[in-house]
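Here is a short report for a reader meeting this structure for the first time. Please look over the sequence and the model before reading on.

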Amino acid sequence: MTANRLIGLYTGRVATDFANGRASAIDKQPVAGAVTVESLGLAGDEQADPDHHGGSERALLHYSLDRYDGWRVQYPDHAARFAAPGFGENLASHGMDEHSVHIGDIYRIGTARVQVSQPRTPCWKLDVRFGIPGLAREVQETGRCGWFYRVLQPGTLTVGDTIEHLERRPDSLSIAAAMAAVYRQPDAQHLQQLADCAALASNWREKARRKLRGTPDARSHQRLTGEPPTR
């Protein structure tokens, strides 16, 4: 199995006036030393909107440091802002991205074990943080989004820890493939895989089901057989 290193570890507190009175904890800061991670994430990390951020299925956000160069080239006038943890990530590393990381992958980081639970769905806060209208949509459409973990075994994380890839499900889709299937190029086979994937967070499984019901293949299947398009 492959191993990478944890290069950055970040937590954030809620800022009540992040954008015209709207709160956010996207402004993460580096953490020194060992940090405890439990089912809801890192000790000291907060979320302003628990309905859409945080929780056991979004306990940790990981973003690839390798992505920032591309963003700086694309938006040179805002290049200084594209540095970790600009995307509000908790974890940062080299050598991992949305193509190499799959739904359900299990990793050991420090003394914790975590599992990839879903892609990161970008929101308006990225537009505000970087001062670029439409950035969240660009992140969504290009799939340069990062990914969330659920915590299977609590432990402690420290910058420099090994990120050890322990397990991959044989039928898993990459984060990039999941984003493409749901947001860019609906593919009935991939959407069905997502809808049936026990390792995928329930909100994403439902997204896949809704999208699947609208694909031409699914509508044709239903007309011909009378069966629903998802199990």
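The report below covers the sheet, the core, the aromatic rings and a helix.

## Basis

This is a predicted model, in which local features need pLDDT of at least 70, side-chain atom pairs count only at pLDDT 80 or more, and totals for chains, interfaces and linings use all residues. Residues are numbered from 1 along each chain as its sequence is written, and side-chain values use heavy atoms, with hydrogens and water left out.

## The sheet

Helices (H or I, at least four residues) and strands (E, at least two) are DSSP runs, numbered from the N terminus. Two strands pair if DSSP finds at least two bridges between them. Here 9 strands make an open sheet with mixed pairing. Their order is E1-E14-E10-E11-E12-E8-E9-E2-E5. Strand E1 (3-5) and strand E5 (29-30) are the edges, and each pairs on one side only.

Strand E10 (residues 106-109) runs antiparallel to E11, with 4 bridges. Tyr-107 stands opposite Val-114 in E11. The hairpin of E10 and E11 has 2 residues between the strands, and Gly-110 takes a positive phi near 60° there. E10 also pairs with strand E14 (residues 162-167), again antiparallel over 4 bridges. In that pairing, Ile-106 faces Glu-167 of E14. Strand E8 (residues 60-64) and strand E9 (residues 91-93) are parallel, over 3 bridges. Tyr-63 stands opposite Ala-92 in E9.

## The core

A nonpolar core is a set of buried Ala, Val, Leu, Ile, Met, Phe, Trp, Tyr and Cys residues joined through side-chain atoms within 4.5 Å. Buried means under 20% relative accessible area, exposed over 50%, and partly exposed in between (1.4 Å probe, protein chains only). The largest nonpolar core has 54 residues. Those with the most contacts inside it include Leu-60, Phe-82 and Tyr-107. Helix H4 (residues 175-184) gives the most to this core, with 6 residues. In soluble globular proteins, nonpolar side chains tend to be buried together.

Contact means heavy atoms within 4.5 Å. Leaving aside neighbours within four places in sequence, Tyr-107 touches residues including Met-96, Arg-113, Tyr-149 and His-165.

## Aromatic rings

Rings of Phe, Tyr and Trp (its six-membered ring) pair if their centres lie within 6.5 Å; planes under 30 degrees apart count as stacked, over 60 as edge-to-face and the rest as tilted. The structure holds 12 such pairs. Tyr-63 and Tyr-68 are edge-to-face, because their planes lie at 70°, with the centres 5.6 Å apart. Tyr-75 and Phe-82 are stacked, at 6.1 Å centre to centre and 20° between the planes. Tyr-75 counts as buried at 19% relative accessibility, and Phe-82 at 0%. Ring pairs link Tyr-63, Tyr-68, Trp-71, Tyr-75, Phe-82, Phe-87 and Phe-130 into a cluster.

Which charged residues sit over rings? A charge sits over a ring if NZ of Lys or CZ of Arg is within 6 Å of the ring centre and within 35 degrees of the ring normal. Arg-144 lies over the face of Trp-71, 3.5 Å from the ring centre. The charged end of Arg-22 sits over Trp-124, at 3.9 Å.

## A helix residue

Arg-137 lies in helix H3 (residues 135-142). Is Arg-137 buried or exposed? Arg-137 counts as exposed, because its relative accessibility is 54%. Its C-alpha atom is 9.0 Å from that of Asp-127, 10 residues apart along the chain.
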